[in-house]
Amino acid sequence: MINKNNWSERINPVVRSIPPSGIRKFFDMATEMKGVISLGVGEPDFVTPWHIREGCIYSLEKGYTMYTSNQGLLELREEIARDLDITYGVTYDARRELLVTVGVSEGLDLSMRALICPGDEVLIPEPSYVSYAPATALAGGVPVTIATSVEEEFRLTADRVEKAITPRTKILLLCYPNNPTGAVLRRRDLLEIAEVVRDHDLIVISDEIYDKLTYIGSHTCFSSIPGMRDRTVLLNGFSKSYAMTGWRIGYAAGNSDFIGAMNKIHQYSILCAPITAQMAALEALKNGREGMRKMVQHYNRRRHLVMQAFKDMGIPCFEPGGAFYTFPDISSTGLTSEMFAEKLLMEEKVAVIPGNAFGPSGSGFVRCAYAASMEDLGEAFRRMSGFVKRNGVQSKIVVNL
Amino acid sequence: MNIPPGGQCKGGAGVKEILELLESNSKLTENDIAIMLSMDVEEVRSKIKELENNKTILKYITLVNWEKVGEEKVSAMIEVRTTPQRDVGFDSVAERIYRFPEVRSVRLLSGTYDLGVFIEGRTMREVSHFVATKLSTIEGVVSTTTHFVLKTYKQDGVIIEDDEEDRRLVVSP
């Protein structure tokens with residue numbers, strides 16, 4: 001006879017062993033409270049530009065409500081190929097080397113499942129987005145994290161990659177500009193990493209969802225580095241650059257063997273990305289460049305304000321070159337990341353995310369997103385300023401955003 | 001040194017960006033503008049002063065939704081046809097119109113009429129009276145067509161009743 005309590009034991013042990021997300025508890029706390037200003041949000045504060053929404057509405061009126069091919073609308077794939085060619089000079093065959101996915105999340109899952117054999121090791125820089133390690137484990141791989149440090153501005157170095165390689169290493173995951181640190185890799189960092197990748201015959205999965213949100217230097221697409229195109233699965237999407245998170249639309253680009261294999265899984269599990277989102281993405285690529293440039297300009301201006309606010313508070317924060325996150329070092333308050341975030345939420349109703357939710361090397365840091373209105377940022381930093389002062393940090397001057 | 005996308009930095013112009021920021025929010029302080037654009041605060045101050053002096057910046061105004069405080073206002077858009085005059089074209093008749101304080105804006109337009117005049121008053125009667133006695137009697141005005149405003153949806157790029165709020169989850173990875 002099966003007892004009710006035994007159900008959990010019948011769950012796949014791999015799934016059971018995955019720990020709950022580090023931000024879950026925090027999410028529950030923050031959601032319960034009223035009047036919270038959140039700097040804990042990993043998405044743009046802009047609503048999708050109207051021309052994109054309107055384009056989607058029009059497509060519905062025209063009756064675009066059916067399946068598309070598994071790989072996605074050819075017209076959209078052609079636009080994506082064109083965009084990659086124009087922006088990074090890297091060419092993909094829209095028919096065989098591109099796959100439209102349900103956000104980068106699906107692209108990540110597909111690439112892991114298509115490439116990992118049981119026991120293969122995947123190198124994951126850390127701190128990083130919360131999905132990489134679980135997606136690896138769910139695909140039967142072994143996540144091997146590579147810690148990065150604030151001394152190196154949270155950049156991944158070739159040296160650190162080299163040291164983490166074992167005979168079982170198959171994949172290197174790259175995630176720059178980085179969530180949660182905002183770190184970017186310079187072209188010369190990537191060239192050095194590419195050397196190691198070549199020497200050890202690795203495959204690279206490069207999540208470049210924040211590529212357009214680069215403020216220092218210009219973004220280098222990993223596939224555009226000589227010799228890397230064919231051994232790289234490039235993942236990108238529309239969520240961050242076009243403020244389209246809820247549409248769940250992204251893409252994967254890679255050699256036809258990889259994309260073909262990913263498409264096999266995609267066709268049996270997803271079938272195709274929703275056509276409404278595909279139509280919206282098409283409009284974004286065709287007419288969204290100027291709107292995107294404006295949004296990036298806004299982020300960059302807020303980035304300067306937030307950096308100044310931390311400086312004035314006496315909280316050290318390295319300068320993030322991309323995404324819309326700052327990753328200040330809060331250790332001078334004497335609090336752990338979790339205590340800092342929890343107390344700040346309880347006492348000042350400002351939500352930030354503890355840095356260790358993104359891996360142990362995020363300990364002593366918190367992630368503050370500046371994807372928030374100027375008013376909210378101003379008020380949040382006024383409150384935070386009082387908070388850190390009460391916790392013994394000498395601020396320079398009164399923060400005035 | 002960081003150069004913001006599409007912008008100039010220390011020593012450069014940066015004027016357009018200062019104007020853009022002030023146009024979107026005239027309450028921004030010189031200090032905030034300097035930080036946002038990675039400029040020196042003194043430089044921002046002197047540039048703004050210069051822009052005010054040379055009348056690039058004409059005025060700092062506030063967009064008010066008067067209905068919120070129960071203030072009744074009536075406004076009308078008036079199409080004005082005129083006879084352009086030798087040497088001065090439309091300018092002299094336009095001036096005679098825009099000098100009236102009731103007139104909020106005057107624009108010369110292409111199309112079936114010449115001047116688009118925007119008038120604001122307390123009552124419909126007041127506006128009608130102004131059109132009948134002042135505007136249409138000006139020399140050079142051939143005819144007027146008055147359109148009373150029933151509802152304003154958007155003004156100066158601002159949606160009056162915008163119900164699009166922040167619907168994001170409080171915390172997300």
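How far apart are the end C-alpha atoms of helix α8 of chain A, and what span should its 13 residues have?

**Entry 1: conventions.** I noted that this is a predicted model, in which local features need pLDDT of at least 70 and side-chain atom pairs count only at pLDDT 80 or more, while totals for chains, interfaces and linings use all residues. Residues are numbered from 1 along each chain as its sequence is written, and chains are lettered from A and ligands numbered from 1 in the order in which they are written.

**Entry 2: helix α8.** I looked up α8(A), residues 187–199, and found its end C-alpha atoms 19 Å apart; this agrees with the 18 Å that 13 residues should span at 1.5 Å a residue. The expected span is 1.5 Å times one less than the number of residues. Helices are DSSP runs of H or I with at least four residues, strands are runs of E with at least two, and both are numbered from the N terminus.

I then listed the buried residues of α8(A), which are L190(A), I193(A), A194(A) and V197(A). A residue is buried if 20 or more other C-beta atoms, placed from the backbone, lie within 10 Å of its own, exposed if 12 or fewer, and partly exposed in between. Seen down the axis of α8(A), the buried residues fall within an arc of 110°, so they line one face of the helix. This arc is taken over the directions from the helix axis to the C-beta atoms. On the face turned away from the buried side I found the exposed residues R188(A) and D199(A). The cover over the buried residues includes α7 (158–164), β5 (169–174) and β6 (203–207) of chain A. Just after α8(A), D201(A) has a positive phi of about 55°.

**Entry 3: domains of chain A.** I recorded domain 1 as 4–48 + 290–390 and domain 2 as 50–287, with bounds from an automatic or database domain assignment. Their centres, taken over C-alpha atoms, are 24 Å apart. I found 34 residues of domain 1 in contact with 37 residues of domain 2, where contact requires C-beta atoms, placed from the backbone, within 7 Å. On the domain 1 side, α11(A) gives the most, with six residues.

**Entry 4: chains A and B.** I looked up the contact between the chains, which takes 29 residues from chain A and 16 residues from chain B. On the side of chain A, the elements giving two or more residues are α2 (24–32) and α11 (289–313). The largest share, eight residues, comes from α11(A).

Methods:
Contact = placed C-beta atoms within 7 Å.
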